[in-house]
Amino acid sequence: MYRLPPKACLRNVSRVCRATMQAVRQSTRRLLYTSRELGRAREKIIRTTDCSAKPPVEARVLVRQDLDVVNKRIQSELDCCRISELRHASGYYFNEKGKLFRPMVALLMSHACNKTQDTIAKTASKEQQTIALVTEMIHTATLVHDDVIDLATTRRGQPVANQVWGHKNAVFAGDFILARSSVSLSQVNNPVVVELMSLILDSLIRGEIMQLGTRSKSEERFMHYIDKTYKKTGSLLAHSCKSVAVLAQCDPLLCEAAFQYGRNLGIAFQLIDDMLDFISTSEVLGKPAAADLKLGLATAPVLFASEMYPELEPLIMRRFSDKGDVELALSRVKSSDSIHKTLLLAQQFGKAAVESVKHLSEGLERTALESLVEDVLTRTK
């Protein structure tokens, strides 16, 4: 009921886009998304998202106790290393106090599933906390490796690990984080969950390979992009949400609903991320703006812009490698309605995420999961 194939998702989004195109074309000027215009778009999303009518719920407050436990356990996992340089390098991003968005999602889903199953526990179980821990460790390891692959210089406004410790030590640090996450996962006494969480790495690697290529036909290119986005971002949330549902002994329908929530939330998150790469600043993002273009990546804003400006097609195929390609693509994105279309697409996935949790019991936990969708759609960094 909830797992729409990518082609069906895109057809649905396409209908929404076509319905709004007439109003967009009648605009007196092109949509150049400054911070003021982004604010207007955010207000529109808040008004039209299903969960907006409900009072805001501070998700982090509901799982604060669990997050504290997860943080301490991560530190304990990394502190076991007796090699000082490796220990410090592997803990570098954890010490920067990230948003902990992904473990928070897993823990909120744990609470919601436990409540639905009438579990008396007021916190996530130890095994559910382990899933949150593994989720954050896998995510952080990919950040370390991505920064090496992309030759990045800053993240969260600070020098990246490979700038501080060197490329080789950064790679080893990422490997060590993955190794320790595997040790933690092995303590979960549920083979189904172990397999689900193992599929995350499978998806991540496939997504990285997919990112190296593209498709010559525009319709296939967008399918490729959505599939890649799921594998690189959605899979982590999808499988972790389903894993905690399995641990709560939810029925197959609820487990699938949890999976679809994570999948759709993850894709919406990445779409907004790709949008912000064009309209935000390096200071706000904590990393260089327009980084994707400079890496040769055609994300949703560029793909939408290419529908209006076919001259972008050869630039996409050569991964913006010629002089002036990046500047031309930026110009075309800003003079088209591609940012608006990207917002609409993210909103569609957000609505699908909200719809998927309606099978869970009503309460603060479910409302918090719904509110997280709004937070994702309206974030500015």
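Trainee: What volume does the largest cavity have?

Mentor: This is a predicted model, in which local features need pLDDT of at least 70, side-chain atom pairs count only at pLDDT 80 or more, and totals for chains, interfaces and linings use all residues. Residues are numbered from 1 along each chain as its sequence is written, and side-chain values use heavy atoms, with hydrogens and water left out. On a 1 Å grid over the protein atoms alone, a cavity is a set of points where a 1.4 Å probe fits but cannot get out; its volume is the space filled by probe spheres set on the points, which are joined across faces, edges and corners. The largest cavity has a volume of about 170 Å³.

Trainee: Which helix supplies the largest share of the lining of the largest cavity?

Mentor: Lining residues have an atom within 4 Å of a point, and helices are DSSP runs (H or I, at least four residues) numbered from the N terminus. The largest cavity is lined by 15 residues, with Q211, G213, T214, L297 and A298 nearest its centre. Both α11 (191–211) and α12 (218–247) supply at least two lining residues. The largest share, 4 residues, comes from α12.

Trainee: Is E136 buried or exposed?

Mentor: E136 belongs to helix α8 (residues 126–149). Leaving out residues up to four places away in sequence, E136 touches I74, F94, L100 and P103, where contact means heavy atoms within 4.5 Å. Buried means under 20% relative accessible area and exposed over 50%, with partly exposed in between (1.4 Å probe, protein chains only). Because its relative accessible area is 5%, E136 is buried.

Methods:
1 Å grid on protein atoms, 1.4 Å probe; cavity = no way out; pocket = protein on both sides within 12 Å on 5 of 7 lines; lining within 4 Å.
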